[in-house]
Each structure stands twice: as C-alpha cells, then as structure tokens.
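Please consult the sequence and the structure shown here alongside the text.

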Amino acid sequence: MIAVTGKRRIVWAPTLAPPDHVLTLLALALSVVGLLLVWSATRMEGDYSLLVRQAVAVGGGLVLMWLLSRVDLRVLRAYVPLAYVLALLSLAGVLSPLGVRVNGAHSWIVLAPGVQFQPSEFAKVALALAFAVPLGELRDGQRRPGFGGVLLALVLAAVPIGLIALQPDLGTMLVFAAMVAGALLVSGAPKRWLLVLVVGAVGAGVAAWKLGLVQPYQLERLLVLANPASDPGGVGYNAAQARIAIGSGGLYGKGLFNGEQTAGHFVPEQHTDFIFTVAGEELGFAGAAAIVLAVGVLLWRGLAIARHSDSPYGTVLAGGLVSWIAFQTFLNVGMTVGLMPIVGVPLPFVSYGGSATVAGLLAIGLLQAVHRTKAMQP
C-alpha cells in the first residue's frame, strides 16, 4: 500500500524490507522490565499514577516506533529541517516562562497541570537526523565528508548544545557530544576532526566554568567521584546509597518487590535516574547484568544496521543513534556504581520518564527505518 500526501510519497511495509525483529523484541523487553522496576520503586507510596503514566508512555512510544519504522527513510529526510527547527524552538522554550526547574536544571515545559515534557530528549532525535545530512549526503566522487560537511554538522550540533548549556544540563550535553563523535566516526571523516571535537569540548567546559554556567553542586559531584567517602551524608549520599543497594542484592537479588533499600526509599530518584539500583538489589548481579547484556545486543544490532545500510545518510543516522543509547547507558550505570559523576540521565527504555521513553523508542523506529529502506535504492 502507498499513501500519498501532497507531493511526498510515503512507502509502507509491503514494499519495505522485513524489520529487525531482534531489535524490536529487545526494546519491548527492556520497556517491560522498566515497568516492573518502576512499579517496585513506587508501590510503597500506594500511588499507581507513575506506573500508569509510564505504561502510557511505553504504549504510545511503541505505536510511534512502529509507524516510524514503516516510513521510507528518504521521506523522513524531507522533514529533517522541520524537526530540527522545532527542536530548537522547544529548547528555547524551556528558558521562557513556560519552562520549569527540576533538580537544578531548567529543562521542562509545562503544557497543563500535571502534563510536562523534556524537549532535550526529543532534541536528540532531531539532532541525529540533522547532522546526518551534511555527513551522510556526499557529492559525486566523495567517499567521506569534506571540510564543509563536517563544519556544518558541528554548527548544527553546537546550537542545541549551547541551549542545553544554559539550562544547565551537563548529562544531556555529554550525550549530545557522544552522538556527534559517533556520527563523525562512522561517516569516515578524518580523525583529526574527533580531536577538534575533544579540544572544543574541553574548551567549552572551561568557558562554562569561567562564566559561572557550571553550578556548585555539579563541581561537588565531581569531587565526590574522586573521593566517594568525603561526604556520604551530604553531596555523596546518592552515590553511597546506590552502591549499598546494588551491593545488597548479591548474585541473584532479593526478589522483585522484596528490596528493603528500595522499599525504604533510601536511594533518591530510584524510579528515574537510579532505577538500576532497584535492578541490582531485587534482581541481583545476574538480573542487572542481563539488562546490560540486552542493551549491548540492541546496540550490536544497531551497529549492524549502520554497517549494512546502502545509504551513507542511513549509516551516519544509525551511528548517531547507537552512540546516544550506548553513552547514556554507560553514564547511567556508571554513576550508580561509582564510575561516573551523578549527572542525572535516565537508563534508556528502563527509567521512568515519558519524554525519555518515547524518544528512545523513536530512536528504535528510526533504526528500523534505516534497516528496512536499505534495499530500496532508486
């Protein structure tokens, strides 16, 4: 079946390659595990509204993932400028009276009482689509992006990163930087550009510190990472309690819904950024490792899609999406076990959060679109 909208032709499943069922099943399995862990983390409060909201986000995200996976990648490319502009407007919107501050960052827009969303999560999707254009659409005779293409990609990434720096949201800035680095790597751009990116990131960090954009609590978290025992009752409380919860689970855990640390809410934000502590305590090392393994296999499937794509644009897009999920997972798990500073990023597909959940499933839909369009060259 072919649906026609104006001058744009949307090609649906009967003419597309079969989807990657492993990728879909892994995203679904991680989302279901996330629902169970969110339920366990919030059940003692007797309020099931968070569980219901997360279930709605998962259901809506799966529908959007399915729809996106059935659209020809070449059609999606036509809407990239619109997606990018909307992302910038929404990021600017959080700095307006519409935005609200949560946990030290001005990162949310309130649409109605009890209804809010985090634009930076959807901006990840838009950014992956946008910087894949100059890096993945090569001129005749080109085998890799040239100076102009790389420079344009960096400019496209710098604008949303700058808006996020004003919130400030250090974790999301790091994820964006990882996405850009991953896209540059898979695009075949000269390695010196990665060095330029690293130097630029360091320079931006120093500038943010000098301009006062780095908040005192963020510097304190870095100091706690260097010396975890320095302030276990203050700034280091979250990290200390996270390690206690994970360590108490042992090899096989205490059983789902039986975590004492989880039930006592000793770990703050345990249904969102620290959901991995619930897995560590209740499912043990085996269950937590299974979650990491599932994400690893999902990333492997994403890399395979990038490698086998017939379109350079599809390769770069898939590379950026995989870098996003990989680095964000590393940040989240790393901060719960004391390897990374606490920067407030959710565990993809598992943590509570409607914006993050839907955005993550949209990323899977885009990976499927790249996979399914790869055999449809004109």
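What percentage of the 378 residues in the chain do buried residues make up?

## Overall composition

In this predicted model, buried residues account for 51% of the 378 residues in the chain. The secondary structure consists of 15 helices and 5 strands.

Among contacts between residues at least 6 apart in sequence, 72% link residues at least 24 apart.

## A nonpolar surface patch

A nonpolar patch on the surface is formed by Leu25, Leu28, Val32, Leu36, Trp39, Tyr48, Val52 and Val56, which together have about 720 Å² of accessible area. Two or more residues of this patch come from each of the elements α1 (21-42) and α2 (49-69). The greatest contribution is that of α1, with 5 residues.

Leu25, one of the patch residues, is located in helix α1. Leu25 has a relative accessible area of 56% and is therefore classed as exposed, the cut-off being over 50%.

His271 lies in the loop between α11 (260-263) and α12 (275-282). Its relative accessibility is 18%, so His271 counts as buried under the 20% limit.

Leaving aside residues up to four places away in sequence, His271 is in contact with Val38, Ala41, Thr42, Leu50, Ser351 and Tyr352.

Note on methods
Residues numbered from 1 in each chain as written. Predicted model: local features only at pLDDT ≥ 70, side-chain atom pairs only at ≥ 80, totals over all residues. Heavy atoms only, no water. Helix = DSSP H or I, 4+ residues; strand = E, 2+ residues; numbered from the N terminus. Buried < 20%, exposed > 50% of the residue type's maximum accessible area, 1.4 Å probe, protein only. Contact = heavy atoms within 4.5 Å. Patch = residues over 30% accessible without salt bridge, like charges linked within 9 Å, V, L, I, M, F, W, Y side chains within 5 Å. Areas by Shrake-Rupley, 256 points an atom, 1.4 Å probe, with all protein chains shown as cover. Salt bridge = Lys/Arg side-chain N within 4 Å of Asp/Glu carboxyl O.
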